[in-house]
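Good morning, and thank you for the time on the agenda.

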Amino acid sequence: MTADALAGGQTKTWVWHLPASPDALWPLISDTARFNEAAGTPRYSVSETPRPDGSVQRQAEADYKGIKVRWEERPYEWVAGRHFRHRRVFDNGPLLQLGIDVSLEPEQDGSRITYRLHAVPRGFLGRLLLLTGFIRKSGISIEAMLRQAAEHALGHRPLPFDYTSPPPPAGAAERLQGLILALNGGGYAHGLAERLAAEITTAQEVDLVRMRPRRLAAAWNAPLRHVLELCLDATKRGMLTMSWNLLCPRCGGAKSQVSSLADLPGQAHCPSCNIVYDGDFARNVEIAFQPAANLRPLSLGEFCMGGPHVSRHILVQQILAPGESRDVAAELPPGEYRLRALEPGGECIVTLAGGGAAMIAEPAEGSSFSIRPGPEAERGVARFENRTQRTLTLVMESRHWRQEAVTAHEVTTMQAFRDLLPTQVLRPGETVAIEHVTLLFTDLEGSTALYERIGDGAAYRMVRRHFAYLAEEVRAFDGTLVKTIGDAVMAAFADPAQALRAALAAQRGIERFNAKFHAKTAGEGRQIAEAVTLKVGLHGGRCIAVNLNDRLDYFGSSVNLAARLQGRSRGGEIVLSQALAADPAVAPLLDGLPASREMAELKGFTQPVPFLRLRV
């Protein structure tokens with residue numbers, strides 16, 4: 001450990017050797033919000049003010065033991081998996097500046113962590129703070145928490161850091177126990193109600209302020225549908241509250257939050273990025289949850305608003321002065337990346353093959369700037385060049401930042417959503433464009449003759465039970481039954497592969513359904529030997545979501561085509577459009593299935609439509 005004076009301040013550098021790998025430690029150490037909460041630092045409020053050049057000034061304020069401390073919250077710099085640093089410049093209080101610089105390097109038996117802490121005092125109180133061991137004491141606490149993180153990474157402790165949740169409100173334990181019993185008595189708990197209750201009572205606030213079902217599913221090793229159904233039922237019963245978040249397409253932050261789809265705005269402003277952006281049901285409208293306040297109230301403010309863990313889609317972020325160039329060691333996996341700056345300006349999309357990467361910021365008209373890729377850097381190097389006359393925070397980010405979000409489109413195509421929260425609908429007259437939804441239509445072959453042969457009452461019961469059968473199959477494959485039309489069914493799926501799986505399961509299981517119906521009617525003293533035969537049509541594409549009869553419904557040419565294809569089906573068949581059959585997720589499911597390719601003129605379509613006919 002070394003210590004020295006720097007710019008009138010004090011700097012200490014620690015080197016620690018931990019048994020876990022950098023890959024295992026990085027998600028824990030870079031999660032600065034979790035780290036700060038566990039360390040006991042208070043939340044802070046942030047005001048964001050646009051500057052004339054379009055950048056944003058962030059002023060933060062926190063209460064430290066009764067003293068209101070204010071500072072400028074500057075951007076972090078980092079290279080994912082390797083390094084991050086941050087500096088705060090204070091307007092008041094005992095310090096002028098406080099900065100951290102953290103690096104991880106692999107070692108044979110784990111990781112070498114270099115942690116540097118730098119503080120510049122303000123006046124007598126600041127110098128006294130440093131003389132009485134502020135940095136030394138901080139280092140002791142930081143080392144203890146890093147060792148906790150390593151133990152967690154190795155599976156030797158359940159939580160990354162020591163943390164004690166605040167005392168619950170009066171009566172919360174009794175309310176929670178009653179809610180657990182109610183959830184377990186319903187059909188959507190899947191044995192996870194106790195896990196959810198434990199999450200609410202023991203998790204850190206950083207996990208609860210925006211509970212994301214995908215994260216819970218991964219942590220619990222449970223199917224996403226089971227976790228979503230549990231959260232939706234818990235919302236209905238009052239254990240959770242639900243929000244629709246309009247995520248900024250640049251930073252991924254939830255900049256507009258509402259509790260009802262009817263209140264969802266078409267646009268939002270991100271003060272962090274200083275841009276206005278549209279809501280896209282299938283891309284950046286996310287569902288998230290929070291504990292009910294009478295079970296676990298959450299405090300307001302931020303533990304950290306800009307650390308690497310908040311923006312995990314950003315692999316490299318660097319602050320460059322005017323005219324500065326910089327090379328940093330960085331491994332960028334193959335894939336599509338966006339090169340941009342935190343400040344509003346140009347951007348570009350590049351595809352990297354797994355080598356190096358380079359980006360150049362150049363002056364553009366007015367005070368703006370453009371971004372373009374530079375000559376390819378050597379492997380393992382990210383190269384930045386700022387040719388402008390202003391400081392820029394340059395970013396290389398993966399295009400897959402939405403992978404953790406469950407979109408409004410995904411959840412509204414779930415049967416449990418419609419069953420549990422039927423009042424969650426769009427504003428009257430509102431329409432939402434959906435980039436891609438897969439529609440499944442079914443009908444019964446010869447249903448009119450069925451009514452004549454067995455009578456209206458028996459045929460009606462058979463049709464109603466076949467609706468329930470299809471609803472179960474649709475739900476099992478993450479879809480939703482939108483409506484029934486006579487003897488027909490319309491269902492919607494966010495995932496085209498799941499739509500085909502549901503269609504195959506429904507056709508393959510129809511004989512079993514018929515056998516169960518025959519056995520049930522025989523047990524009731526009625527002999528009905530008739531069977532239902534399904535006709536199925538599938539197609540996916542763009543459409544619009546609307547409210548119809550107080551339920552979400554879909555309209556557009558994609559809906560019409562799916563219905564027309566069902567009309568081409570004969571009993572026991574699935575007819576799907578050639579476009580859907582060519583989908584990369586659908587095509588592998590068709591291997592080995594007996595199919596014929598056909599083309600036909602369909603009502604309402606000017607050109608003949610190619611399709612695939614499957615005999616199941």
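I shall speak about aromatic pairs, then cavities, and finally backbone angles and cysteines.

The model is a predicted one, in which local features need pLDDT of at least 70, side-chain atom pairs count only at pLDDT 80 or more, and totals for chains, interfaces and linings use all residues. Residues are numbered from 1 along each chain as its sequence is written, and side-chain values use heavy atoms, with hydrogens and water left out.

Let me begin with the aromatic rings. A pair of rings is described by the distance of the centres and the angle of the planes. Here, rings of Phe, Tyr and Trp (its six-membered ring) pair if their centres lie within 6.5 Å; planes under 30 degrees apart are stacked, over 60 edge-to-face, and the rest tilted. By this rule there are nine aromatic pairs. One of them joins Phe-35 and Phe-161, edge-to-face, at 5.3 Å centre to centre and with 80° between the planes. Phe-35 belongs to helix H2 (residues 32–39), while Phe-161 sits in the loop between helix H4 (134–153) and helix H5 (172–185), so this pair ties together parts that are 126 residues apart in sequence. Helices (H or I, at least four residues) and strands (E, at least two) are DSSP runs, numbered from the N terminus. Both Phe-35 and Phe-161 are buried, a term that means under 20% relative accessible area, with exposed over 50% and partly exposed in between (1.4 Å probe, protein chains only).

Another pair consists of Trp-244 and Phe-417: the ring centres are 6.0 Å apart and the planes stand at 85°, so it too is edge-to-face. It links distant parts of the chain, with Trp-244 in strand S10 (residues 240–247) and Phe-417 in helix H11, 173 residues apart. Trp-244 is buried at 0% relative accessible area, and Phe-417 is buried at 1%. Ring pairs also link Trp-14, Trp-16 and Tyr-115 into a cluster.

Phe-417 leads us to the cavities, for it is among the residues that line the second largest cavity. On a 1 Å grid over the protein atoms alone, a cavity is a set of points where a 1.4 Å probe fits but cannot get out, and lining residues have an atom within 4 Å of a point. Grid points are joined across faces, edges and corners, and a volume is the space filled by probe spheres set on the points. How many cavities of 30 Å³ or more does the whole structure hold? The search finds two.

Helix H11 (415–420) and strand S27 (551–555) are the elements that give two or more residues to its lining.

The largest cavity holds about 60 Å³ of space. Its lining includes Leu-440, Leu-470, Glu-473 and Ala-503. Strand S23 (432–444), H13 and helix H14 (496–508) each supply at least two lining residues.

Two residues other than glycine have a positive phi. Asn-221, at about 55°, lies in the loop between helix H8 (213–220) and helix H9 (224–237) and is exposed at 72% relative accessibility. Asp-478, near 65°, lies in the loop between helix H13 (456–476) and strand S24 (480–485) and is partly exposed at 29%.

Finally, the cysteines. With a disulfide taken as a pair of cysteine sulfur atoms within 2.5 Å, the count is zero. Cys-304 is buried at 5% relative accessibility, and Cys-348 is buried at 14%.

Definitions and conventions. On a 1 Å grid over the protein atoms alone, a cavity is a set of points where a 1.4 Å probe fits but cannot get out, and a pocket is an open set with protein on both sides within 12 Å along at least five of seven lines; lining residues have an atom within 4 Å of a point.
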